[in-house]
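Let's take a walk through a protein and its DNA partner. Have a look at the picture first, then read on.

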Protein chains: 2
Amino acid sequence: MHAARMSVRHGEYCPLDCTLGILSGKWKSIIVCRLMHEPLHFGEIHRSIPSCPKRTLAMQLAELEEDGIVARQVEHEGAVIRTRHSLTESGASLATIVRQMDEWGMEYLSRLSTLPDKTVQAA
Amino acid sequence: MHAARMSVRHGEYCPLDCTLGILSGKWKSIIVCRLMHEPLHFGEIHRSIPSCPKRTLAMQLAELEEDGIVARQVEHEGAVIRTRHSLTESGASLATIVRQMDEWGMEYLSRLSTLPDKTVQAA
DNA sequence: CAGGATCCACACAGATACTG
DNA sequence: CAGTATCTGTGTGGATCCTG
């Protein structure tokens, strides 16, 4: 188990760091957001996050699966193989917290008032 | 601003990654937990997290200050100089989410049922 | 389509020693 | 007491190419 190992960082199992560890991959938070509303195929996720290399996306998805956040479902359609990725129950409950972090971030960023000419937008 | 820069990782300001960025330093979550109940001096924090090197602790605190989560207050007591670190308002509101992440982590870890002989304990 | 293999670059943090 | 200055190592992710 990936994040459970990380959660032992400070010498003992720390639930907080476990949660953070699960989301701390560079693209994991975005992936959870993408899957929050509907299951998606690998290619769909990939196209929705173009700047994330395929191999990296595969790694992040694999870790989220190890951690029981994302479920994978292989679909043989004739010769083609597609993979459906969806949130598990744990994943869905995590998504609730993700939304709160997003909301906190929006308030936080809007308090910084002086943003260099880009606008804040929700994930 | 430290985390605000990080939040632009995916090509646009992402509040969610901003929040995660603020807490993503190796010891930042623990630091916020320590300051959650009361302000502490540098040495006190240091003693409460012995495995974190001084220089690293100083860095993490500095970044949390840059991000407006922790406030620093220097106290000249005769010749000695002490520094009080406390949560700002933003820090306090962040602590609320931190608690939820901790609770989620506890449920998550307890669902993994088979833990290698250490017990789960809250931060 | 959905990855695996390989190699590499860089940010982050640890060790150690020094200052006001 | 509360940091700073270097110097170094490792984890994490990126680039590129290959496969079933």
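## Touching the phosphates

Let's begin where protein meets DNA: in chain A, Gln60(A) puts a polar side-chain atom 3.3 Å from a phosphate oxygen of DNA strand D. Keep in mind that this is a predicted model.

Which elements give two or more residues to the surface near DNA strand D? From chain A it's α5 (54-66), and from chain B they are α4 (42-48), α5 (54-66) and β3 (80-87). The largest share belongs to β3(B), with 5 residues.

Now step back a bit. DNA strand D is surrounded by 20 residues, and the closest include Lys26(A) and Thr56(A) from chain A, along with Gly43(B), Lys54(B) and Arg72(B) from chain B.

Next, find the open sheet in chain A: 3 strands, in the order β1-β3-β2, with antiparallel pairing. The edges are β1 (40-41) and β2 (70-77) of chain A, each pairing on one side only. As a bit of background, strands of a sheet pair through backbone hydrogen bonds.

How many bridges join β1(A) to β3 (residues 80-87) of chain A? There are 2, and these strands run antiparallel. You can pick out His41(A), whose bridge partner in β3(A) is Arg84(A).

Helices pack here as well. Helix α3 (residues 28-37) of chain A touches β1, β2 and β3 of chain A, and its direction is at about 95 degrees to that of β3(A). Meanwhile, α5(A) lies across β2 and β3 of chain A, at about 115 degrees to β2(A).

## Two rings on a helix

Last stop: aromatic rings. Over all chains, the count comes to 2 aromatic pairs. Take Trp104(A) and Tyr108(A): their ring centres are 5.0 Å apart and their planes are at 15 degrees, so this pair counts as stacked. Both sit in helix α6 (residues 89-111) of chain A, and because Trp104(A) and Tyr108(A) are 4 residues apart there, about one helical turn separates them.

Technical notes:
Residues numbered from 1 in each chain as written. Chains lettered and ligands numbered in written order. Predicted model: local features only at pLDDT ≥ 70, side-chain atom pairs only at ≥ 80, totals over all residues. Heavy atoms only, no water. Near = heavy atom within 4 Å. Polar contact = N/O pair within 3.5 Å; in protein donor to acceptor, adjacent residues only side chain to side chain. Pairing = 2+ DSSP bridges. Contact = heavy atoms within 4.5 Å. Axes fitted to C-alpha atoms, helices over the stretch in contact; angles between N-to-C directions. Phe/Tyr/Trp six-rings, centres within 6.5 Å; stacked < 30°, edge-to-face > 60°.
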